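Work through the exercises below with the structure at hand. Try each task before reading its solution.

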Amino acid sequence: MDESLETVLVEFDDDRGVGTLTMNRPDALNALNGQLRDDIVAGLEALEEETEDREGVALRAVVLEGAGEKAFCAGADIGGFSDESAGDSSARSHYDVIRNFPAPVIAKIDGYCLGGGLETALACDFRLASEGSTFGFPEVNLGILPGAGGVQYVSKLAGPAVAKELAMTGEHISAERAGEEGIVNHVYADDEFDDEVDAFVTDLAGQAPLAIQAIKKSADMAVHSGLEEGLAYDRTLFEGLLQTEDHAEGAAAFAEDREPEFEGK
Ligand code: CO8
């Protein structure tokens, strides 16, 4: 599969079951206009459609990246977001679609990751950054706050003091600092970035897919539930996974001292 939407390139790697969406407005540092937001949703739907008729879980992970050398995404398109946001409230937001997507979504961040771009990365399951990347919430300079939950997310990941510092000053922070604060999972040297991300994604895509889906749900549940409710939810997920062929395969592979081959069944 190799599909081009107006502002997003969509690829699917059959061997690993890995989809890649490339936000493709490099001249505007991949700023989010309405078209790009719609195309991210359409790209994720296209990956699901491409893989849904295959047996088991064929789509194991999705990488979201930005085209060009300078940015993952420089936030909402400043030229148009005041007009667009008003009429847009009933559309499924790309943030929600990423959050609820069954396969894990990995933000591959190489360059500026600002405003709505950082919120897009925060909606993903993982954030992997090159060391030259920078992060920030410049919304305050426009007299607004991050409108898609950025302060909430950073408060949970790094604490309210860091969230306030980022959102109230509008200053950019380095990838190293973002890593120290837990806003990104890993920071890699620029010249090793592609290989390291590839290795991370390949490992993730090789894990038992139904377990990965359940873990995504469990971790997201933990963010908005009490412990008792979360533990009960995990027990239900666990009992379901015990019945899967992937679990039988994992146990057999362990007993036979070989690598498991998971099919998502
Ligand atoms: N929107 C539109 N165009 C942009 C954006 C943007 N956010 N960022 C950069 N560009 C364009 C520039 O206008 C420029 O275009 P051109 O070449 O035609 O002049 C091109 O990208 C390259 O940018 P620069 O020349 O400025 O590159 P620099 O390396 O000098 O600077 C920066 C890079 C620091 C990233 C700088 O471009 C900048 O500060 N950009 C604005 C960043 C910003 O403020 N983003 C936040 C926007 S607000 C937001 O995201 C709110 C989300 C709320 C969601 C609400 C939903 C309802």
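This is a predicted model: local features need pLDDT of at least 70, side-chain atom pairs count only at pLDDT 80 or more; totals for chains, interfaces and linings use all residues.

**Exercise 1. Find the domains of the chain and state how far apart their centres lie.**

Solution. 
- Step 1: Domain 1 covers 2-206, and domain 2 covers 209-255.
- Step 2: Take the centres over C-alpha atoms. They are separated by 26 Å.
- Step 3: Look at the contact. Domain 1 gives 6 residues and domain 2 gives 6 residues.
- Step 4: Sort the domain 1 side by class. There are 3 nonpolar and 3 charged residues, with no polar ones.

**Exercise 2. Work out how helix H9 is oriented against helix H10.**

Solution. 
- Step 1: Locate the helices. H9 spans residues 209-224, and H10 spans residues 227-242.
- Step 2: Read the geometry. The packing angle is about 175°, and the axes lie 10 Å apart.
- Step 3: Apply the cut-off. Angles over 145 degrees count as roughly antiparallel, so H9 and H10 are roughly antiparallel to each other.
- Step 4: List the contact. On the H9 side are Leu210, Ala211, Ala214, Lys217, Ser218, Met221 and Ala222. They meet Gly230, Tyr233, Asp234, Leu237 and Leu241 of H10.
- Step 5: Classify these residues. The H9 contact with H10 holds 8 nonpolar, 2 polar and 2 charged residues.

**Exercise 3. Describe how helix H5 packs on helix H6.**

Solution. 
- Step 1: Locate the pair. H5 is residues 150-158, and H6 is residues 160-169.
- Step 2: Note an angle of about 140° and axes 7 Å apart. This makes H5 oblique to H6.
- Step 3: The crossing of H5 and H6 is right-handed.
- Step 4: Name the partners. Gly150, Val151, Val154, Ser155 and Ala158 of H5 meet Pro160, Val162, Ala163, Leu166 and Ala167 of H6.
- Step 5: Classify them. The contact of H5 with H6 has 8 nonpolar and 2 polar residues, and no charged ones.

**Exercise 4. How many residues surround the ligand, and which are the closest?**

Solution. 
- Step 1: Count the shell. The ligand is surrounded by 20 residues.
- Step 2: Pick out the closest. These are Ala31, Gly75, Gly115, Gly116 and Gly147.
- Step 3: Sort the shell by class. It has 12 nonpolar, 6 polar and 2 charged residues.

Notes:
Residues are numbered from 1 along each chain as its sequence is written. A residue is near a molecule or strand if its C-beta atom, placed from the backbone, lies within 6 Å of it. Ala, Val, Leu, Ile, Met, Phe, Trp, Tyr, Cys and Pro count as nonpolar, Asp, Glu, Lys and Arg as charged, and the others, Gly among them, as polar. Axes are lines fitted to C-alpha atoms, for helices over the stretch in contact, and angles run from 0 to 180 degrees between N-to-C directions. Helices (H or I, at least four residues) and strands (E, at least two) are DSSP runs, numbered from the N terminus. Angles under 35 degrees count as roughly parallel, over 145 as roughly antiparallel, 65 to 115 as roughly perpendicular and the rest as oblique. Two residues are in contact if their C-beta atoms, placed from the backbone, lie within 7 Å. Domain bounds come from an automatic or database domain assignment. A crossing is left-handed if the near helix is turned anticlockwise from the far one by less than a right angle, and right-handed if clockwise.
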